[in-house]
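Here is a short briefing to read alongside the model. Take a moment with the view below, and then we can walk through it together.

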Amino acid sequence: MIRYITPLLSIVVGIALLIGAFTLPKSTLGNPNGPMYFPALIAIILILSGLVYLFQEFKARGVKFTDFTQIRLGKSPMYLGVSLVLMIIYTILFERIGFLFSTIIFLLGLLFMLNGRKKWITNILVAVIFSVVTWYAFGTLLQVSLP
Amino acid sequence: MGTDMQVVLDGFLTAIQPGNLFWIALGGFLGTVVGMLPGLGPATAIALLIPITFGMDPTSALILMAAIYYGAMYGGSRSSILLNTPGDGSAIAATFDGYPMAQKGQAGQALAMSAIASLIGGLIAVVGFIVLAKPLANFALKFGPAEYFLLMVFTLSAIVALAKGAMVKGFISMAIGLMISTVGIDLQTGVYRFTMGSPHLSEGIDFLVVIIGIYAVGEVLYNFLTINKPVGEKKSVGKKWITKEQWKRSKWPIIRNGPIGFVIGVLPGAGGAIASMLSYSFEKQISKHPEEFGEGAVEGLAAPESSNNAAAVGAFIPMLAMGIPGSGTTAVILGAIVMLGLKPGPLLFENNPDMVWTFINSMFVGNLFLVILNIALVGLLVKILDTPPRILYPLIMMLAFIGTYTLGYSTVDFIILIIFGFVGLFMKLLKFPVAPLILAVIVGSDMEQNFRMSLISHPDIIGIATASPITIALVIMTIISLGFPFLSAWLMDRKKGKTSEESM
């Protein structure tokens, strides 16, 4: 059944967009329906494409659906899960504890995940050196103000 | 030609000023390094390095981004030849004969040939650019909102149609892109659309965040899935320069395929990937010994390399002259230079001719520089390939986040970045083409404005379509481009049917 998720999703998003378009506030300037046309058009494209896609998947139902097998194999689920968690932590910490420390934590996390615990010296060196270099390059050379 | 030679010459002199030479060198080098990473191509390289261009003047920024673009193309060929892992679509054809050459101990010669072919292809295309760009810009001056709207429709439909065998997925990808572009305050009426009450979203979703999310975070996540797979064995480089015999065999294929690649590059939708594939099969068909193709035939490497570089140069023409990018990579560049306050389009050639010609000449200089870099520093570049991806991918991830932060100084964008990173990952897994989405995000807002402006002077869609000879031509081209995949499939079926009848 997993093969029908994407086509159904695109139909659902299309319908939601269509409803959203029709409930947009009317414009007081120019054509009152002006803001609605384009989103409604996109919604119709989404719904129609979704229907055709659904039909194609239905026709291909005998063929094994392999698009997602890759993310279920080996360490892939762990890599993706840990990456997601690290990215969320990075988002939360970035402005709270500042660029330098949050970036070191983020890089350490990713490097330990991919590189393993045995290469801890490399991991720590890479994380610290590159965080400091980037901090300097952006903050001083490119004059971007980082937290 | 309609172009004053003096302007061209002035542009050349500006391009070789030390400041600009530095950007060419830096962009070329960084592009080569990112392009060499398996799975990452020019669009990723540019998306990642956008923050560097902030605060630069637009001309230098454009020069830098173009240099990153070619650099990444050269880099992509490096990993194709040495590791059999192409960085992106346009480097695939280089694996067909480049990797077999490397296996025969001719890696150095293959690298040199690829660099030389790219240089000549690029130079042919620069000449084409000088001839074609100005007339096209003059032609585009006649375009009104209806023409622009339909030109965008045509460009999008061409790029959707070329999403091989997956047109429906192309349409969905495009629709998502257009949908993203409608979020925020409507420019004509001030109505808030789909902002979900977030003040941050009222300014719209920054398309550069979407691009970095899909091209950088998404690609890196995708590469995590295969990170433990052993890569192809790397052979020693061997002789660094091509032989006379190899040059004799490749000379004409290089010269022939430059113009082919250029024309394909100018067309919307098609790009380096299609140009190089087409050139490869074309050379194989007219070759006297097609059986050598795939076994390390040097012309099988030279032809696509010349062609894809020419296509890269050609792709800049519609972007600069009409403001409509024809490929994912040029769409990213367009997005970045619009951020810097530059408005590409026909008026660019009127108002900033010095800038345009400086840029064109920088492509000339940049290609030369890359050949020198790639041949002289081949040893160093091969060493970079040895750096484990396990260390490089986390660093790329970090750059993606910093780049995003510099766009809006807000961590709300991080959430958007993460979402689109996963969108990009799932699109890759489900084999959805990415280019229609990127293109749609970039042109979406302009497309809508032009659509509604043309509705003011024309009553309905039929009125827009028949507004002028140009709009009628664009409508016909759109129909042809959408019908083409069906037509070619039907012709193939017929051909197959015939041959099977004959064999009976």
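Let's begin with a helix pair: α5(B) passes α12(B) in a left-handed crossing, meaning that the near helix is turned anticlockwise from the far one by less than a right angle (clockwise would be right-handed). Helices here are DSSP runs of H or I with at least four residues, strands are E runs of at least two, and both are numbered from the N terminus. This is a predicted model, in which local features need pLDDT of at least 70, side-chain atom pairs count only at pLDDT 80 or more, and totals for chains, interfaces and linings use all residues. Residues are numbered from 1 along each chain as its sequence is written, while chains are lettered from A and ligands numbered from 1 in the order in which they are written.

**The helix pair in chain B**
- The axes of α5 (residues 93–103) and α12 (residues 298–314) of chain B come within 8 Å and cross at roughly 145 degrees; axes are lines fitted to C-alpha atoms over the stretch in contact, with angles from 0 to 180 degrees between N-to-C directions.
- From α5(B), B:Phe96 and B:Met101 are among the residues that meet α12(B), whose side includes B:Leu301 and B:Pro304; contact means C-beta atoms, placed from the backbone, within 7 Å.
- This contact divides into 7 nonpolar, 2 polar and 2 charged residues, where Ala, Val, Leu, Ile, Met, Phe, Trp, Tyr, Cys and Pro are nonpolar, Asp, Glu, Lys and Arg are charged, and the others, Gly among them, are polar.

**Where the chains meet**
- Chain A brings 50 residues to the contact and chain B brings 42 residues.
- On the side of chain A that touches chain B, α2(A) gives the most, with 13 residues.
- By class, that side of chain A has 30 nonpolar, 17 polar and 3 charged residues.

**Helix α2 of chain A**
- This helix (residues 34–59) has 26 residues and reaches 39 Å from first C-alpha to last, close to the expected 38 Å, which is 1.5 Å times one less than the number of residues.
- Its buried residues include A:Phe38, A:Ile42, A:Leu46 and A:Tyr53; buried means 20 or more other C-beta atoms within 10 Å, exposed 12 or fewer, and partly exposed in between, with C-beta atoms placed from the backbone.
- Their cover includes α1 (5–22) of chain A and, from chain B, α8 (167–182), β2 (192–193) and α20 (435–457).

**Chain A overall**
- Chain A has 6 helices and 0 strands.
- Its C-alpha trace spans about 55 × 55 × 20 Å along the principal axes.
- Buried residues make up 25% of its 147 residues.

Methods. Contact = placed C-beta atoms within 7 Å.
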